[in-house]
Amino acid sequence: MGERAWIRGAQRGSVEDLERLFREHWPRAHRAAFLVTGDAAAAEDIAQEAFLAAIRHLDRFDRRRPFGPWLHRIVVNRAIDWTRARRLRAEVELGDHVAGPPPPELDGSAFARIADLTPEHRAVVVLRYVLEYTPGEIASLLDLPRGTVNSRLRRGLDRLQEERA
Amino acid sequence: MNAEERAWEVVRRAYEERIATPRRTAPSNKLVVAGVAAAVLAGAVLSPPGRAVLGDLRESVGVEHAQPGLFSLPAPGRLLVASEAGAWVVADDGSRRRLGDWRDASWSPFGRFVVASSADELAAVEPTGKVRWSLARPQVRFPRWGGSRVDTRIAYLSGSRLHVVAGDGTGDVDQNGGPAAAQVAPAWRPGPRHVLAYVTTSGRVHVLHTDGGSLAWRSAPYPNPRALAWSSDGTRLALVTRDRVVLFAAGPRPVATRFVRGVLAAEFEPGGSRIALARARDVFLLDGSRVTRVFAGAGRFSGVAWSPDARWLLVPWRDADQWVFVRVGGAHRIRAVSNVARQFGAFPRVGAWCCGS
């Protein structure tokens with residue numbers, strides 16, 4: 001049984017099918033959220049909220065479409081919003097936010113390198129090299145021109161290579 | 001439990017709630033249930049120990065032999081109060097400092113600052129009255145400050161919109177365009193993670209992770225909501241409505257419901273699980289399934305506040321123009337202070353009793 005069947009089952013009230021869908025997609029959604037936010041608690045919240053949004057819209061979900069890109073669009077956009085908001089809310093007087101440790105399944109060195117990118121650059125790098133979307137798919141997911149995606153990828157990779165050197 | 005399992009529990013509960021078919025209950029059954037519960041409550045509060053505590057206070061308006069002025073508080077800490085004449089901080093030696101023309105105010109999590117509001121302004125104020133920052137916003141109500149020592153947030157209502165702003169006054173946001181808020185003060189879960197509960201106009205409790213803008217859970221609708229309160233360890237959330245007190249734990253399903261009519265205010269015991277509930281004419285403690293009335297009188301009470309050491313309750317008694325301090329830790333005692341309105345320009349609402357001197 002594949003993803004379409006799980007979605008159909010979940011639409012009909014099967015908790016088992018919903019769990020299969022959740023277990024299939026949670027690791028990548030959580031990982032993407034963490035790599036963009038750099039905050040373990042926020043990543044958990046964002047990935048969880050994306051699944052809750054999926055449940056709210058489950059009845060209207062078109063089973064012919066893949067579930068992953070739809071979920072990742074929510075995850076990455078919310079992760080970018082969260083990271084921007086945190087920068088806005090940095091409390092100069094009272095000290096900065098302290099990020100939690102990365103989830104144990106993540107490569108700490110990769111995280112350390114990617115954390116120095118801006119959230120917008122992090123998002124396209126994560127979508128391209130962690131979730132393995134094409135630049136065209138990323139442009140669609142983030143509602144960006146294809147050229148913007150390419151330039152962010154290029155700049156992001158340049159920064160990562162500088163830091164490795 | 002790891003992140004995946006925690007998330008799965010939340011997702012599964014939300015899914016089961018979505019597919020659950022609401023069960024209709026005949027109105028007559030509801031009345032029977034409420035009636036039985038009210039009878040149980042009445043039995044508890046009118047038990048012999050309850051009557052002994054009440055003594056001859058029941059029909060009097062005001063406590064006899066009250067002090068003519070507020071010479072001191074019976075426990076360490078500082079009181080924050082607000083009236084039509086402004087907001088005030090009262091120290092435990094009875095000294096008062098007026099903070100300004102604010103009509104609502106609450107403490108920062110550790111009592112270092114006060115967030116105050118007037119009709120069209122939100123401000124962070126030092127206990128000395130000095131304004132640190134302010135924001136002009138329409139129809140500001142119920143400012144509440146939460147978070148850790150190093151990272152705080154303030155929630156407030158602007159009209160029916162829930163807003164959250166950082167403790168330094170930056171990054172003010174309408175909370176993700178979520179449902180409109182009822183006119184009930186939002187409540188921060190104690191702790192560093194910026195988890196906020198508020199009630200929507202449909203009477204649902206929403207619990208949000210405000211930094212990510214994500215919804216942890218939301219409850220079924222409860223009509224006529226009046227107050228929200230977290231326990232100090234953040235494990236219990238109480239919703240007060242016109243006819244009941246609903247207790248939540250980690251999710252949308254209530255762990256207990258007590259049918260009690262007319263509760264106006266609720267506050268958890270600092271460091272404990274008892275809830276002080278104030279109605280117009282009595283104040284009682286709810287401790288699990290046990291209900292104990294601790295004070296009653298004619299006229300109208302306007303709230304209740306625990307002392308930081310959890311040994312005293314402050315009951316503002318508007319019709320008697322008194323503050324009544326009821327000792328609930330150790331031997332039962334009552335202290336009262338008269339002429340409260342004269343001392344604060346008008347009879348004030350008690351915000352909170354906070355945090356040592």
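This is a predicted model: local features need pLDDT of at least 70, side-chain atom pairs count only at pLDDT 80 or more; totals for chains, interfaces and linings use all residues.
Colour chain B by secondary structure. You will find four helices and 28 strands. Chain B has 357 residues, and 42% of them count as buried.

**Stop 1: Ala278 in chain B**

Select residues 275-279 of chain B. This is strand E21, and Ala278(B) sits in it.

Now show what Ala278(B) touches, leaving out residues up to four places away in sequence. The set is Val263(B), Leu264(B), Ala265(B), Val283(B), Phe301(B), Gly303(B), Val304(B) and Val315(B).

Next, draw a distance from Ala278(B) to Arg293(B). The two are 15 residues apart along the chain, and their C-alpha atoms are separated by 9.9 Å.

**Stop 2: Val195 in chain B**

Move to residues 195-199 of chain B. They form strand E13, which holds Val195(B). Val195(B) counts as buried, because it has 21 C-beta neighbours inside 10 Å.

Which residues does Val195(B) contact, apart from those within four places in sequence? Select Arg189(B), Val207(B), Leu208(B), His209(B) and Ala216(B). Keep Leu208(B) on screen. It is 13 residues from Val195(B) along the chain, and the two C-alpha atoms are 5.5 Å apart.

**Stop 3: where the chains meet**

Show both chains. The contact between them takes 32 residues from chain A and 28 residues from chain B. On the chain A side, select H2, H3 (40-56) and H4 (67-88); each supplies at least two residues. Which helix gives the most? H3(A) does, with eleven residues. Colour this side of chain A by residue class. It has 17 nonpolar, five polar and ten charged residues.

**Stop 4: chain A as a whole**

Chain A has eight helices and zero strands. Reading from the N terminus, its elements run α-α-α-α-α-α-α-α. Of its 165 residues, 36% count as buried. Look at the chain A contacts with a separation of 6 or more: 67% of them are between residues 24 or more positions apart.

**Stop 5: H1 of chain A**

Select residues 3-11 of chain A, helix H1. Its buried residues are Trp6(A), Ile7(A) and Ala10(A). They span an arc of only 100° around the axis, so they lie on the same side of H1(A). Step just past the end of H1(A) to Gly13(A). Its phi is positive, about 105°.

**Stop 6: H2 against H6**

Select residues 15-37 and 119-129 of chain A. These are H2(A) and H6(A); their axes come within 8 Å and cross at roughly 150°. The two helices are therefore roughly antiparallel to each other. Their crossing is right-handed.

From H2(A), show Ala32(A), Leu35(A) and Val36(A); from H6(A), show Pro119(A), Arg122(A), Ala123(A) and Val126(A). By class, this contact has six nonpolar residues, no polar ones and one charged.

**Stop 7: H6 against H7**

The contact uses Ala123(A), Val124(A), Leu127(A) and Arg128(A) of H6(A). Facing them from H7(A) are Pro135(A), Ile138(A), Leu141(A) and Leu142(A). The classes here are seven nonpolar, no polar and one charged. Ala123(A) is one of the residues in both H6(A) contacts: with H2(A) and with H7(A).

**Stop 8: H7 and the residue after it**

Within H7(A), Ile138(A), Leu141(A) and Leu142(A) are buried. They cover an arc of only 80° around the axis, which puts them on the same side of H7(A).

Finish at Asp143(A), which follows H7(A). Its phi is positive, near 55°.

How values were computed: Residues are numbered from 1 along each chain as its sequence is written. Chains are lettered from A and ligands numbered from 1 in the order in which they are written. Axes are lines fitted to C-alpha atoms, for helices over the stretch in contact, and angles run from 0 to 180 degrees between N-to-C directions. Angles under 35 degrees count as roughly parallel, over 145 as roughly antiparallel, 65 to 115 as roughly perpendicular and the rest as oblique. A crossing is left-handed if the near helix is turned anticlockwise from the far one by less than a right angle, and right-handed if clockwise. Two residues are in contact if their C-beta atoms, placed from the backbone, lie within 7 Å. Ala, Val, Leu, Ile, Met, Phe, Trp, Tyr, Cys and Pro count as nonpolar, Asp, Glu, Lys and Arg as charged, and the others, Gly among them, as polar. A residue is buried if 20 or more other C-beta atoms lie within 10 Å of its own, exposed if 12 or fewer, and partly exposed in between; C-beta atoms are placed from the backbone. The arc is that of the directions from the helix axis to the C-beta atoms.
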